[in-house]
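Please look through the sequence and the model below before reading on.

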Amino acid sequence: MSETKREIASVLRDLVAQIHGTIVRPEDAAFEAARRVWNAAIDRRPAAIVECADENDVTLALRTAVEHGLPVTVRAGGHNVAGRAMADGALLLDLSRMRRVTVDARAQIAVVQGGALWHDVDVATAEHALATTGGMISSTGVGGFTLGGGAGWLMRRYGLAIDNLVGATVALADGRSVHASVDEHASLFYGLRGGAGGFGVVTSFEFKVHPLREVLAGVIIRPAAESRTTLREFRDFALQAPDDYCGMIVLAAAPPLPFLDTAWHGRPVVIHAVCWSGDAAAGQRALEPVRRSGTVLADHIGQMPYLQWQHLLDPSAPAGRHNYWKTASYAGLSEATIEVLAQAVNNRPTRLTEIHVQHLGGAVARVPEAETAFSARGAQFFINVLGITESSDEFAVLRARVRELYDQLTPESLLSLLPNFSNEDDGDATQRLDAPQRDRVNSIRRQYDPSGVFAKPFR
């Protein structure tokens with residue numbers, strides 16, 4: 001055993017006697033499974049994994065890492081496509097045992113532990129007919145999603161996840177645990193809201209929640225041959241739609257949905273996914289022109305509990321596939337960009353690859369740029385190319401082809417980046433901020449993590 005490994009082993013022996021959770025070491029049988037994350041393309045080996053049971057465990061593990069010069073990463077859901085929860089040789093603080101959600105229905109506040117998934121939040125808030133903007137896949141961790149901005153189905157009505165964050169408890173590298181809000185540690189609170197992490201370990205989030213029981217939601221599916229007209233229609237509709245509407249265009253192979261003719265299963269299609277969070281009758285009227293245009297292969301839209309809608313996309317994003325994504329934001333969708341998308345639907349890198357076109361605006365755009373560290377307030381649309389394969393042998397070719405498509409899509413894109421969808425080769429997300437924001441975020445990092453303990457999750 002090397003001197004470094006001996007030192008780490010000694011450190012871990014001391015730590016395990018102090019914490020309520022457990023430590024998984026590389027020599028343990030559970031290590032191989034414990035180091036895996038949602039994206040199977042991520043293959044990294046931390047020095048050890050501390051499965052924290054409570055905030056005290058987080059503080060103790062963090063203090064130990066600082067004292068012995070170990071870099072630190074943090075995992076909640078482990079859903080980030082770039083696998084930023086994992087770093088070779090780092091001490092991984094796994095918060096997945098810390099998933100408690102407490103809802104104060106009268107104050108309309110949900111207090112969420114740092115390891116919770118959006119499933120946990122949505123289930124707890126639904127009991128009170130309340131909701132807040134969360135991930136579109138229920139297994140997404142609250143922590144990484146929120147620190148990267150948090151774009152979800154309710155964002156146009158209620159803002160991003162960071163726009164609903166009113167407070168956070170953060171374990172700092174210097175051993176302190178502080179509460180950050182607009183009134184306490186305000187600079188840290190600014191950085192937490194879209195600054196892409198690297199300030200501390202958030203052990204608890206406090207979110208505003210809003211009255212919402214049901215949504216009008218579902219999909220309209222058309223042949224891929226109509227992708228140009230569908231994309232134009234989506235662009236024009238989204239730009240004038242009320243905040244109650246949030247939509248997404250998906251260019252993909254048709255999934256085996258029970259309401260879609262089996263002759264179309266697996267064939268290229270264009271899907272308009274819709275969530276209307278306001279009055280259902282008004283939504284039916286507003287969506288009528290969209291639902292009757294073109295060749296409709298399936299129209300499956302109806303009222304349902306928001307909780308149900310939040311879980312319906314889960315089958316499309318199982319763990320264990322190899323993923324490589326690229327993302328870009330836009331002031332508008334030009335004819336040139338639409339043409340690239342329309343050609344790409346029939347030439348996707350793999351059968352499982354999807355292209356998502358989403359829009360922002362609404363409540364997202366009304367938050368002043370200077371209020372948070374999120375860089376894409378001015379964008380109207382963003383495009384995510386989700387390169388997906390079940391075979392590791394295909395991954396190198398997949399990555400090359402996704403990059404090629406990304407290069408075709410980005411001549412008119414903005415500099416701003418949505419950290420939740422970025423990959424490692426997108427570089428430091430902080431560099432996509434404008435100069436004043438960038439300087440401010442870097443200054444906050446130096447203030448709260450002067451020794452660079454955190455393995456910069458979005459770098």
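Two residues are in contact when heavy atoms of theirs lie within 4.5 Å. The model shown here is predicted. With that cut-off, and leaving aside residues up to four places away in sequence, Asn-423 touches Val-81, Ala-82, Arg-84, Tyr-324 and Trp-325. Asn-423 itself sits in the loop between H13 and helix H14 (435–448). Is Asn-423 buried or exposed? Its relative accessible area is 6%, and buried means under 20%, so Asn-423 counts as buried. The side chain of Asn-423 also reaches the backbone oxygen of Trp-325, at 3.1 Å.

Glu-390 is found in the loop between S18 and H13. At 53% relative accessibility, Glu-390 counts as exposed, because the limit for that word is over 50%. Glu-390 touches Arg-321, His-322, Arg-351 and Leu-352, when residues up to four places away in sequence are not counted. For one of these, Arg-321, the separation along the chain is 69 residues, yet the C-alpha atoms of Glu-390 and Arg-321 are separated by 4.9 Å.

Next come the helices. Helix H3 covers residues 55–67, which makes 13 residues. From its first C-alpha to its last it reaches 18 Å, close to the 18 Å expected at 1.5 Å a residue. At the start of H3, a side-chain oxygen of Asp-54 comes to within 3.2 Å of the backbone nitrogen of Asn-56. After the helix comes Gly-69, with a positive phi near 70°. Which residues of H3 are buried? They are Asp-57, Val-58, Thr-59, Leu-60, Ala-61, Leu-62, Thr-64 and Ala-65.

An α-helix has 3.6 residues a turn, so residues three or four places apart point the same way. Keep this in mind when turning to helix H11, residues 335–344. Its buried residues are Thr-337, Ile-338, Val-340, Leu-341, Ala-342 and Ala-344. What covers the buried residues of H11? The cover includes two helices, H8 (227–240) and H13 (395–409). It also includes the strands S13 (245–253), S16 (322–330), S17 (354–359) and S18 (381–389).

Strand S5, residues 101–104, has a covered face made of Val-101 and Val-103, while Thr-102 and Asp-104 form the uncovered one. S5 runs antiparallel to strand S6 (residues 109–113), and 4 bridges join them. In S6, Ala-110 is the bridge partner of Val-103. The two strands form a hairpin with 4 residues between them. In that turn, Gln-108 has a positive phi of about 55°.

How many residues does the largest nonpolar core have? It has 45, and those with the most contacts inside it are Trp-153, Met-155, Leu-160, Val-215, Ile-221, Trp-309 and Phe-382. The elements that give two or more residues to this core are helices H6 (155–158) and H10 (306–312), together with strands S12 (214–223), S13, S14 (268–276), S15 (298–305) and S18. A second, separate core has 37 residues, including Val-270, Val-274, Ile-301 and Leu-398. Apart from residues up to four places away in sequence, Trp-309 touches Trp-153, Val-215, Ala-217, Gly-218, Val-274, Cys-275 and Met-304.

Charged residues come last. Side chains of opposite charge can pair when their charged atoms come close. The structure holds 23 salt bridges. In one of them, Glu-32 pairs with Arg-45, and the closest N and O atoms are 2.8 Å apart.

Another salt bridge joins the side chains of Arg-36 and Asp-43, at 3.5 Å from N to O. Arg-36 is partly exposed, with a relative accessible area of 39%. Glu-32, Arg-35, Arg-36, Asp-43 and Arg-45 are linked in a network of salt bridges.

A further salt bridge is formed by the side chains of Glu-335 and Arg-232, at 2.9 Å from N to O. This pair links distant parts of the chain, with Glu-335 in helix H11 and Arg-232 in helix H8, 103 residues apart. Glu-335 counts as partly exposed at 39% relative accessibility, as does Arg-232 at 28%.

How values were computed
Residues numbered from 1 in each chain as written. Predicted model: local features only at pLDDT ≥ 70, side-chain atom pairs only at ≥ 80, totals over all residues. Heavy atoms only, no water. Expected span 1.5 Å × (residues − 1). Buried < 20%, exposed > 50% of the residue type's maximum accessible area, 1.4 Å probe, protein only. Polar contact = N/O pair within 3.5 Å; in protein donor to acceptor, adjacent residues only side chain to side chain. Pairing = 2+ DSSP bridges. Core = buried A, V, L, I, M, F, W, Y, C linked by side-chain atoms within 4.5 Å. Salt bridge = Lys/Arg side-chain N within 4 Å of Asp/Glu carboxyl O.
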